[in-house]
Amino acid sequence: MTPSAAETKPRDTLLEASGITLSFGGVTALRGVDLIVRKGDLLSIIGPNGAGKTSFLNCISGRYRPTGGNIRFEGQSIDRRSTSARAALGIARTFQNLALFAHMSVLDNIMVGRHHLLKCGFLRGGLYWLGGAQREELSHRRRVEEIIELLEIEQIRHATAGTLSYGMRKRVELARALAVEPKLLLLDEPMAGMNLEEKDDIARYIVEINREWGITVIMIEHDMGVVMDLSDRVAVLNYGEKIADDLPERVSADPHVRAAYLGEDDAAA
Amino acid sequence: MPDELATCPRLLRHHGRHHADEPALREKALGIWQEMTWGQAYARTRAIALGLRGLGVGEGDVVGFVGQNRPDLLFTEIASHAVGALSLGIYKDSLRDEIGYLVGHAGVRVVVAEDEEQVDKLLDLGDAIPTLERIVYCDPRGMLKHEDPRLMAMAELVVQGSALHDREPCLFDRLVDATRPEAPAILCTTSGTTSHPKIAVLMSGPFLNHGMSYLEVDPKGPDDDYVSVLPLPWIGEQVNAVAHFLLSRIRLNFVEDEDTTTNDMREIGPDCLLLAPRVWEAMAADIKARMLEATPFKRFLYAQGLRLSERALERGRRSHIGDMLLGRALRDRLGLSHMRSAATGGAPLGPDVFRFFRAIGVPLRQVYGQTEMVGVYCAHRIDDVDFDTVGVPFRDVEIRINEPDRNGLGEVVVRHPGMFVGYFRNEEATRADVRDSWMYTGDAGYLNARGHLIVLDRMRDLAKLKNGDRFAPQYLENRLKFSPYVGECVVLGQDREQVTAIVCIRYSIVSKWAEARRISFTTYSDLSARPEVRELIRKEVAAINDVLPESQRIGRFLLLYKELDADDGELTRTRKLRRGTINERYADLIGALYSDKRDVDVDTTITLQNGRRQRIRANIAIETLIEPARSAASRSATVEAVS
């Protein structure tokens, strides 16, 4: 299956994963998955539970080491790079289950995302006014405030992360991922467990992050309405294999996809 | 007023020249209060005005603005006056069709919209608003995807306006000199309690003159901070954020977001403030609810402090111990530490809430007015506050009571030189409300011996029980709403045997109450159907009944399965009840309240805020506190008929 329609927008390749295979003992989670992501794409990965979607994201972010295949980011291989090194290259992610520092304020949680961008170390930080640490903190605070404005979380800026509602914590997590200044943002079920209104909001933010901030997004999402509305491209995984990768409307019409994911009878097609 | 200061643009020019480096306003953006001087405010307004001029806006055109209160929207208003146009403020939470009506009716040519949300509503209207030529947006966020040729960024408008100023440096001065105090300038929508809003036309000279009469009663100056929270299109905010801003140079402060208001207000510590009664009520209810959760020691301090303060207040004094125990801390917490002049207006405020704020040292006073009469024209003098009245009229204001009954109660009729000139493109409505230059307000009230005006309710809302006893539903509703558990309620009883009520619980507080008692629930509907909650509200109602005269007591009530909402047309944008809609929509429930039924089945759909519809099926129980006399009579009648 070729992503033929996506070729109408010739853009540089940002991420190229080829032949990604991942096994845990006897279980093979991913079997030779190829995926090309161009700059500015908003790509959704869908598939039934256990299809390997999160594993695939974990391979990109460096949490898992694939047992086969390789990943190139902006033309260079990142197979041997650590998670933090990949973050420094511009790959950020959010988690399916929340992973915030519950006892820290929202601001501090987001500032953590900028840690790798801070240049002042322990010593200069100690000489707050003399060492330039104040200036540095102010410029980072400004960026963080822009993110806060984008995600409309002004009112919880100083709240403790652990006290927030689930939907708000998801937003803070997204804010932290944005603070990394990513070129590629990996979102693992950004709307899971949200009500309709919260979903509408998050969908709007994702579109703005992609279209206006120019950040490439790979998103795992189950809500087909959201996937079809937002994505430029949809890749479908089933039992660790990629079975489709095309424009949303073509993917939803694909009989194999309907059989695997939407639960329709393959024979009928 | 001297001629060079007789219109809004002229005043701004004066301040821009003579107070160029003094702070005029602040706006919180990216978490920081950003200050703007009079010089900057003047320059920006000039650029917007010339930008509008470049778009062809001139004498007699209408410029609309819609969005959260922002400096640029305020400047837009003054800028449109400068080029001879009229300004029309549109509430930011107006629905698409409401905006369509206003834009169409007023023939608006340019709308300045705060953000994408407002722009979307205008674009959705499509061809329905043919007069609209330009949509200027302030926040570029989310605008990339739109390609409508009418769209234009505020930044672009300002660039064009500045360029025009560079080419013709005298043009703006000429335009401002040409503004006339007796020309229509401000279009102000009335709250539209009944149907489509009417648009009152105000002239800038009389508008400012009336602002001066207000300042005589409630002086303000350049050292005063004002937080602009109420919607800018509302007349009350127009008087404060436009007239008083320009006349007495109070500093305006614009909050970051609606949700950050409490915190932002605390940071500013405003000196003067005007809030709607429901905001004061919500504040008081919130304090009460928080005290329910506080430690016993804090509750003790609260109770002692409040008792001392209230006792002192009754004797017209202040309790220093009460202030130390409670008042000072509470004022600080609410951001009211510097408060010199606090006002409530738009609807009656319950005396209990009033007493509470006065007791904790907030110099709260009631003000009263109408959009047509340039907002407030009656207010308490600061040393003469009477909870039951709305105060005494300003200088130049004449009030008489039309067709008073034997107690002096009748329709409030009023006139003053600053009042509106008529409704915009609505001669018929003008003729109905204004006769021989007197405005017939439709409010029922009377003047007491000390010259204070007392307003009970709308004339047509004053209700009469079947036996002829009069009662004021709003007054009862306010009493009910002082309970922290009651969010909204509707009191009924016109031509009926007794007074009844439809009550909406205050979800934020009742849900906490329920959680603390391990009462499980899912949604608002579910929570309001819990028998424990019904019992809770029953106690609240019974407590209020205890202090009411017999004819006013609430006999039966039920808990509604949803909150009353402006989007459903049940409330106005300033959250007044739309009784007609409510009576119609809940006719079944009201019928049940006046029957022998103990419960009523409901099967209906409600519209959620995002436009989706949800079906609700429920069985609503009706609580009876006082058995209506009628049922006994009718039952015996049936028995007779059978025998």
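In the predicted model described here, 13 residues of chain A are in contact with 13 residues of chain B, two residues being in contact if their C-beta atoms, placed from the backbone, lie within 7 Å. On the side of chain A that touches chain B, α5 (133–150) and α7 (196–211) of chain A each supply at least two residues, and α7(A) gives the most, with 5 residues. Helices (H or I, at least four residues) and strands (E, at least two) are DSSP runs, numbered from the N terminus. By class, the residues of this side of chain A divide into 1 nonpolar, 1 polar and 11 charged, where Ala, Val, Leu, Ile, Met, Phe, Trp, Tyr, Cys and Pro count as nonpolar, Asp, Glu, Lys and Arg as charged, and the others, Gly among them, as polar. The model scores ipTM 0.73 and pTM 0.77.

Residues are numbered from 1 along each chain as its sequence is written, while chains are lettered from A and ligands numbered from 1 in the order in which they are written. As this is a predicted model, local features need pLDDT of at least 70 and side-chain atom pairs count only at pLDDT 80 or more, whereas totals for chains, interfaces and linings use all residues.

Confidence is expressed as pLDDT, the predictor's confidence in each residue, from 0 to 100. Chain A averages a pLDDT of 85, with 88% of the residues scoring at least 70; within chain A, the lowest mean, 65, belongs to helix α4 (residues 122–126) and the highest, 95, to strand β8 (residues 216–220). Over residues 1–9 of chain A the pLDDT stays under 50, and the model has 12 contacts beyond four places in sequence for that stretch. For chain B the mean pLDDT is 89, and 95% of its residues reach 70 or more, although over residues 631–643 of chain B the pLDDT is below 50, a stretch with 1 contact in the model beyond near neighbours in sequence.

The secondary structure of chain A comes to 10 helices and 10 strands. Of the 269 residues of chain A, 37% count as buried, a residue being buried if 20 or more other C-beta atoms lie within 10 Å of its own, exposed if 12 or fewer, and partly exposed in between, with C-beta atoms placed from the backbone.

In chain B, the buried residues of helix α4 (residues 96–106) include B:E98, B:I99, B:L102, B:V103 and B:A106. Seen down the axis of α4(B), the buried residues fall within an arc of 125°, so they line one face of the helix; the arc is that of the directions from the helix axis to the C-beta atoms. Among the elements covering these residues are β3 (62–66), β4 (86–90) and α5 (116–124) of chain B. B:G107, which follows α4(B), has a positive phi, near 60°.

Elsewhere in chain B, helix α12 (residues 296–314) and helix α14 (residues 351–359) pack at an angle of about 100°, with their axes 9 Å apart. Axes are lines fitted to C-alpha atoms, for helices over the stretch in contact, and angles run from 0 to 180 degrees between N-to-C directions. The two helices, α12(B) and α14(B), are therefore roughly perpendicular to each other, given that angles under 35 degrees count as roughly parallel, over 145 as roughly antiparallel, 65 to 115 as roughly perpendicular and the rest as oblique. Here B:L306, B:S309, B:E310 and B:L313 in α12(B) meet B:R355, B:R358 and B:A359 in α14(B).
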